[in-house]
There are 4 protein chains.
Amino acid sequence: MSLNVGIIGATGYGGVELHRILTNHPKVTSCTLYTSSSEKKKYAHVYPHLTDICTLDLEMVETEQVQASHDVVFLATPSGVSASLSPELVTDDLKIIDLSGDLRLKNPGMYEQWYHKASAPADLLEEAVYGLSEMNRELIKTANVIANPGCYPTATLLGLAPIVKSQLVKPKSIIIDAKSGVSGAGRKPAVGTSFTEMHENLKIYKVHEHQHIPEIEQVIHEWDDQLDAISFHTHLIPMTRGIMATIYVELKKNLKQNELMDLYIQFYESEPFVRIRADGSFPGTKDVYGSNYCDIGLKLDERTGRLTIVSVIDNLMKGAAGQAVQNFNILFDFEETMGLKQMVPVYP
Amino acid sequence: MSLNVGIIGATGYGGVELHRILTNHPKVTSCTLYTSSSEKKKYAHVYPHLTDICTLDLEMVETEQVQASHDVVFLATPSGVSASLSPELVTDDLKIIDLSGDLRLKNPGMYEQWYHKASAPADLLEEAVYGLSEMNRELIKTANVIANPGCYPTATLLGLAPIVKSQLVKPKSIIIDAKSGVSGAGRKPAVGTSFTEMHENLKIYKVHEHQHIPEIEQVIHEWDDQLDAISFHTHLIPMTRGIMATIYVELKKNLKQNELMDLYIQFYESEPFVRIRADGSFPGTKDVYGSNYCDIGLKLDERTGRLTIVSVIDNLMKGAAGQAVQNFNILFDFEETMGLKQMVPVYP
Amino acid sequence: MSLNVGIIGATGYGGVELHRILTNHPKVTSCTLYTSSSEKKKYAHVYPHLTDICTLDLEMVETEQVQASHDVVFLATPSGVSASLSPELVTDDLKIIDLSGDLRLKNPGMYEQWYHKASAPADLLEEAVYGLSEMNRELIKTANVIANPGCYPTATLLGLAPIVKSQLVKPKSIIIDAKSGVSGAGRKPAVGTSFTEMHENLKIYKVHEHQHIPEIEQVIHEWDDQLDAISFHTHLIPMTRGIMATIYVELKKNLKQNELMDLYIQFYESEPFVRIRADGSFPGTKDVYGSNYCDIGLKLDERTGRLTIVSVIDNLMKGAAGQAVQNFNILFDFEETMGLKQMVPVYP
Amino acid sequence: MSLNVGIIGATGYGGVELHRILTNHPKVTSCTLYTSSSEKKKYAHVYPHLTDICTLDLEMVETEQVQASHDVVFLATPSGVSASLSPELVTDDLKIIDLSGDLRLKNPGMYEQWYHKASAPADLLEEAVYGLSEMNRELIKTANVIANPGCYPTATLLGLAPIVKSQLVKPKSIIIDAKSGVSGAGRKPAVGTSFTEMHENLKIYKVHEHQHIPEIEQVIHEWDDQLDAISFHTHLIPMTRGIMATIYVELKKNLKQNELMDLYIQFYESEPFVRIRADGSFPGTKDVYGSNYCDIGLKLDERTGRLTIVSVIDNLMKGAAGQAVQNFNILFDFEETMGLKQMVPVYP
């Protein structure tokens, strides 16, 4: 099987990272690039690093043409676009993988409260499968619409899954101190993310108001219904790519460090993209740069009884385009690592 | 009054920052620069940015000569040096301001446990005044030996003081997620702090083992004896200067955001170097770059009841040399801001 | 004498750097901050690092009010503003120091050709004194209007002056490969200068078209009328501050390295802000960070006969605000280093 | 055909980049990793980003074992190692691709003058083929020993080839102002390349003394025997990867910009890894990040008659490991882009 793919929102960073992966994906026959701008332009004109690699023009989205041309479309669009576009596009013959946050929250009211925008229809939210690949593999296989997880939730949830799914976490104890590279803020220029203002700088933003909070809470509540509100903060780090979630939790049971290590190692034993660091060692974001890995380290503090979990990903890969392609592979029953495994982290 | 000053450990980053400040301090007549290397060398040879500004040679420390020549010496030396040097140097006529961690912990056993080195004599530890300027002003005035606070403790303790001193903090609830620029690791080259390995990277280090943990605990326990163990983590940020402490606490009383803002504003009302950010606004590290300010923002999360406090400093200024000079001013009864207030943050 | 000063264009990077210097200048009584935006706003709202330091509002420019209120105004405005504003403002009682390029070129046609904007009136261009402090000190003393040099021309011309003024340079042999930090591009956000696109990147821009080319040529032709067209290129370096000009020239006479060193040392012997590096040593941009220094290194290549001169400045200081204040000091007969000399380079 | 490959010097940056490429090379059966350290260690212990990807131990070099085990060895060793090791290793059955500078200069005396080390034997220097893939393809096909070009020479020579090979360049007119990311300095830590000293800094180094000068001169002299000494300078840019060579030349003939564009386009028409930018556009280093491309832009200055050529590469890819694998492909008659073409530049 060989597929015709579309990327809607190709000029953003999620879009161009999807293009980087799909260019070498053995099952992708064609990859059409859509943008909202009506100006006729070559993709390589927007992104000159693609000179000779991509000679395509950017296209405008026309619903029927998109439906007729593709087996699957990736939406790498700003908040609010997919909420109105996906209901139009979805058919039995066109799979949708939405990288935006529009289809992740099951409750339309929650979306409107945290995103300050009109929600997608409730039935589409119901239908959409949350694409945290490692956790929802079976659902993804038969999905029509996949809500690809947010970058912060991916790092956080993979870090928490082994202990939350084991019902080990004390309610109200979860604190996530998250840090992201600046590419997470998207391509639209702003004073606050200009080089001059962000270099040699470190900022906290959206304190108690980040839209990924309800997304994380929805999932952990699903895994353990005693868990609800978390504390979650996001910082902007003077680097381009990478997310680190430093997670603090209290456990209900008195486990030892080696038992926790065993739990994590076994939990992710057969996962190709999750790597548990050796006891005493912790990952840096550069260790996953340009790759689809999620690296996790953990250490129990015997003085306070708190467990610290450190989870890192490349926000544009496992936190966006990489996981989207992983889901695409699951959906079409390709080898799950296809097109991704050869993306060895770029180091240094 | 005009003073003869010595800097021991002048070739490290704390030392060169002390030199930057003292060069323009109106009460400093002379500033002698000491190093442990026996090679005869000009200071401007080690730091060419001081060409024409400083024409002095580096000197070796000879106890009696140091005692005879100076009114005060700053020790900006690696861990372990002050523990053995300070007892030799201290006299009634020579004040010591130690920027290292050697004299901060009152309990010699704690020092040895966390620093893995031989402690200073217990009586010297007893005598040393902890130089958190804003909190210990009266003690500093009459001190012979000042233990200048660590960079992380300074940011953390100034962030916590208003609520801890008001006995508002729930025991065992304090979590500090701290982030530092790479200059905090000192000047000695290592693979892990080389440009190539640290740029576009974000690391956590010394998980549950940082030597600033007992320093912070000692002080908050002194302020509220119900408080003891904290969770405290340190991250290396790809920038040169700056510390941010993101502090999570639970409160014993149900306070509102505006009550907390009032508490902080009043607490620091007359402090020249602590700035409380307007409600809803948070500082970035660049806002204090090159200056002696500590900027603080805070926000109560009504969903979880947790309070988040964000405290930033320049690790080499308020976190080291700047606070040392502030203490020097207090000690000699100069205007507390002398030589420091004109150091407006360098922005951008 | 104590002066009332205005900064027009206070919200740009040149403006905020002027403010940083003038805040501590002993002869400045008041410093009013002007902007083109009509929104009433505190300066510290635009630049929160000035919280508590500056409590002033931003003001709109009203010609008569400006003329009545100030002894001198600094224009730190984008190209094109001063060309129309300066003629309105100038009076016998109001000195103008223009940091923009609008008054630097004597020939209105040249301005229009390189800046693509309407020129200032020819008589104003004639009257304006080119404020390269070290070279035009006498003219500056009696000027009404000072055209403060561009950042690249300052680094380049100070690097070239000793040999060009000695008529040593072979015509047509001058090549300047210049590199600048991103703050030189100003505060207005753009994709090309966003953190994400500029970090880990190095770009060349305005090839053969930079508006500082005619400025440099005008001055070197004045110094040696056999010299005219130069080759001059500008690169954007992933750092905030700093300019390096790497200058390649051929000499008319066979001089030795030590003779050239002597020439440079003697030429700048009494200059407080120009430092010649020891033979064999070259400055980096960080050596002048935040200061008004221009550091110069040079080396003759005996294989090719070419001389390489490396000249570095902080683009916002000696390349803009610092030199403007130096000119202000000369103009009002203050000590030339007043308010500037204590700005020791911030290192690291 | 499927090959057994060895990497000698696997712990350096050239070595780890070779590993990144060869891991996914379809014709490589096994890749053994050699280091000079005798300590038994896993490769992923030195480079934790390779956890799960590479489970091999590092091995010590034993000449006979290396000869017996491999079809080809890559030497990614510091200067001086290959000069003594290659003569021992070379046999008819073992191809050598040397990434160091030891085998590039034909004249042993030149090597000793510029590298200050003992040269390889003259006959080995004679035998070694200079592996500038685009230019020496035919020789590479039958080589036993390949001297892989230096990073600066690769960018420079590909930028100069079309005009030098056309005998268009005026003798003595070539000036190359080169800039490199810090990874070019290797992995060994040093104060000058530590994060804190190199961040927000820009340095020139080895002025008139860089060992790549004779390498470039040797090749351009071979292409046009009227050309000899060049001016060549190297700068350290605060980024990890990337080289830009800004090249200034005077031409013997009066060509127009469009004629020069045509010359370059035609010259590289069939080259898979050289991309000529559209007229008026210039590449940044990030455009080739992580890839094997060399991107070139050019523009004639009609005012001075000088041509500017800008050539960028990733110093670890086309400037080292990428070109080495390209040569490996040529040598073994694989498709030249094998294992390389799918490495799309990582952007942003």
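Two strands count as paired when DSSP finds at least two bridges between them. Strands here (E, at least two residues) and helices (H or I, at least four) are DSSP runs numbered from the N terminus. By that rule, chain C has an open sheet of seven strands, in the order E3-E2-E1-E4-E5-E7-E6, with parallel pairing. This is a predicted model, so local features need pLDDT of at least 70 and side-chain atom pairs count only at pLDDT 80 or more, while totals for chains, interfaces and linings use all residues. Residues are numbered from 1 along each chain as its sequence is written, and chains are lettered from A and ligands numbered from 1 in the order in which they are written.

**The sheet in chain C**

- At the edges of this sheet sit strand E3 (59–60) and strand E6 (129–130) of chain C, each pairing on one side only.
- Further in, strand E5 (residues 95–98) and strand E7 (residues 145–147) of chain C run parallel and share three bridges.
- If you want a spot to look at, C:Ile97 has C:Ile146 in E7(C) as its bridge partner.

**The sheet in chain D**

- Chain D has an open sheet of seven strands too, ordered E9-E10-E8-E11-E14-E13-E12, and its pairing is mixed.
- E9 and strand E12 (274–276) of chain D are at the edges with a single partner strand each, so one side of each has no neighbour in the sheet.
- On average, neighbouring strands of this sheet are turned by 20° against each other, direction ignored; axes are lines fitted to C-alpha atoms (for helices, over the stretch in contact), and angles run from 0 to 180 degrees between N-to-C directions.
- E12(D) runs parallel to strand E13 (residues 294–300) of chain D, joined by three bridges, and D:Arg275 stands opposite D:Asp295 in E13(D).
- Helix H11 (residues 257–267) of chain D packs on the sheet and touches E12, E13 and strand E14 (306–313) of chain D. The direction of H11 makes about 160° with that of E13(D).

**Strand E10 of chain D**

- Six of the six residues of strand E10 (residues 231–236) of chain D are buried, so the strand is largely enclosed by the rest of the structure. Buried means 20 or more other C-beta atoms within 10 Å of a residue's own, exposed means 12 or fewer, and partly exposed is in between, with C-beta atoms placed from the backbone.
- In a regular strand the side chains alternate between the two faces of the sheet.
- In E10(D), D:Ser231, D:His233 and D:His235 point one way, while D:Phe232, D:Thr234 and D:Leu236 point the other.
- E10(D) runs parallel to strand E8 (residues 175–180) of chain D, with six bridges joining them, and D:Ile176 stands opposite D:Phe232.
- Strand E9 (residues 203–205) of chain D pairs with E10(D) in the antiparallel sense over three bridges, and D:Lys203 has D:Leu236 as its bridge partner.

**Helix packing**

- In chain C, the axes of helix H1 (residues 13–22) and helix H12 (residues 317–331) come within 9 Å and cross at roughly 45°.
- H1(C) and H12(C) are therefore oblique to each other; under 35 degrees counts as roughly parallel, over 145 as roughly antiparallel, 65 to 115 as roughly perpendicular and the rest as oblique.
- The residues meeting there include C:Leu18 and C:Ile21 from H1(C), and C:Ala321 and C:Val325 from H12(C); contact means C-beta atoms, placed from the backbone, within 7 Å.
- In chain A, the axes of helix H8 (residues 151–165) and helix H12 (residues 317–331) come within 8 Å and cross at roughly 95°. That makes H8(A) roughly perpendicular to H12(A).
- A:Cys151, A:Thr154 and A:Ala155 of H8(A) make this contact with A:Lys318, A:Gly319, A:Ala320 and A:Gln323 of H12(A).

**Between chains**

- Chain B and chain A put 36 residues each into their contact.
- A:Gly284 lies in the loop between strand E12 (274–276) and strand E13 (294–300) of chain A, and counts as buried because it has 27 C-beta neighbours inside 10 Å.
- Leaving out residues up to four places away in sequence, A:Gly284 touches A:Val312, B:Asn201, B:Leu202 and B:Lys203.

Definitions and conventions. Contact = placed C-beta atoms within 7 Å.
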